[in-house]
Amino acid sequence: MTARESLFDEASFRTAGDWDADIPDEYGVYAIRLREGSALPEPFGRILDQRGDRLIYIGKGEEQTLLVRLLGNELRAKGNGTFFRSLGAVLGYRPPQGSLAGRRRQQNYRFVPLDRDAIVNWINRSLEVSWVVLAQNDVRRAEVGLIKRHTPLLNLQENPRALPELSAVRALCRQVAVTPGTSR
């Protein structure tokens, strides 16, 4: 079995909350899927059911290791994780009004600590994660190929079946974050 094949091997997946001590400080790709019995809000749950797959995201640890990118950014929101922002938006969370107003980079919205913690708890209960270690120069090509082949629900870039519904909720979050609140 190749490294890429082992990424989707049933034995490679474990609940997201069980991996913290095991994720390596090496480069590679990872897959995130919904646990059996867990559900996403509509319309995302229905779309995932129609696709007949529980896979929701494929990502890479290329510039950052799997430990930093997957664990730190995507599962624990210690940095700017694309997956974490998308999942939070899908789950109905919104960043604080105007939290990015006037900032140069206005796409990396964040959630308030209480919401962030709720998202992390949802991840720990509802998602399974798998990864494979790859040579750093193989990571990007592997990630793009896997996204194109498997079309995960929450991947936008390189995904031939990217969801306009996901783009819309992410745009809403960015709009909330860049629009200053009204003072009374």
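**Helix 6 on the sheet.** Helix 6 (residues 136–150) lies across strand 2 and strand 3. Its direction runs at about 170° to strand 3. Axes are lines fitted to C-alpha atoms, for helices over the stretch in contact, with angles from 0 to 180 degrees between N-to-C directions; contact means heavy atoms within 4.5 Å. Helices (H or I, at least four residues) and strands (E, at least two) are DSSP runs, numbered from the N terminus. The model is predicted: local features need pLDDT of at least 70, side-chain atom pairs count only at pLDDT 80 or more, and totals for chains, interfaces and linings use all residues. Residues are numbered from 1 along each chain as its sequence is written, and side-chain values use heavy atoms, leaving out hydrogens and water.

4 strands, in the order 1-4-2-3, form an open sheet with antiparallel pairing (pairing needs at least two DSSP bridges between two strands). Strand 1 (14–15) and strand 3 each have a single partner strand, so one side of each lacks a neighbour in the sheet. Strand 1 pairs with strand 4 (residues 127–133) over 2 bridges. Arg 14 has Val 129 of strand 4 as its bridge partner. Helix 4 packs on the sheet and touches strand 2, strand 3 and strand 4. The direction of helix 4 makes about 155° with that of strand 3.

**Two sides of helix 2.** Phe 44, Gly 45, Ile 47, Leu 48 and Arg 51 are the buried residues of helix 2 (residues 44–51). They fall within an arc of 165° seen down the axis, so they line one face of the helix; the arc is that of the directions from the helix axis to the C-beta atoms. Their cover includes strand 2 (28–34), strand 3 (55–61), helix 4 (82–90) and helix 7 (164–178). On the other side, Asp 49 and Gln 50 are exposed. Buried means under 20% relative accessible area, exposed over 50%, partly exposed in between (1.4 Å probe, protein chains only).
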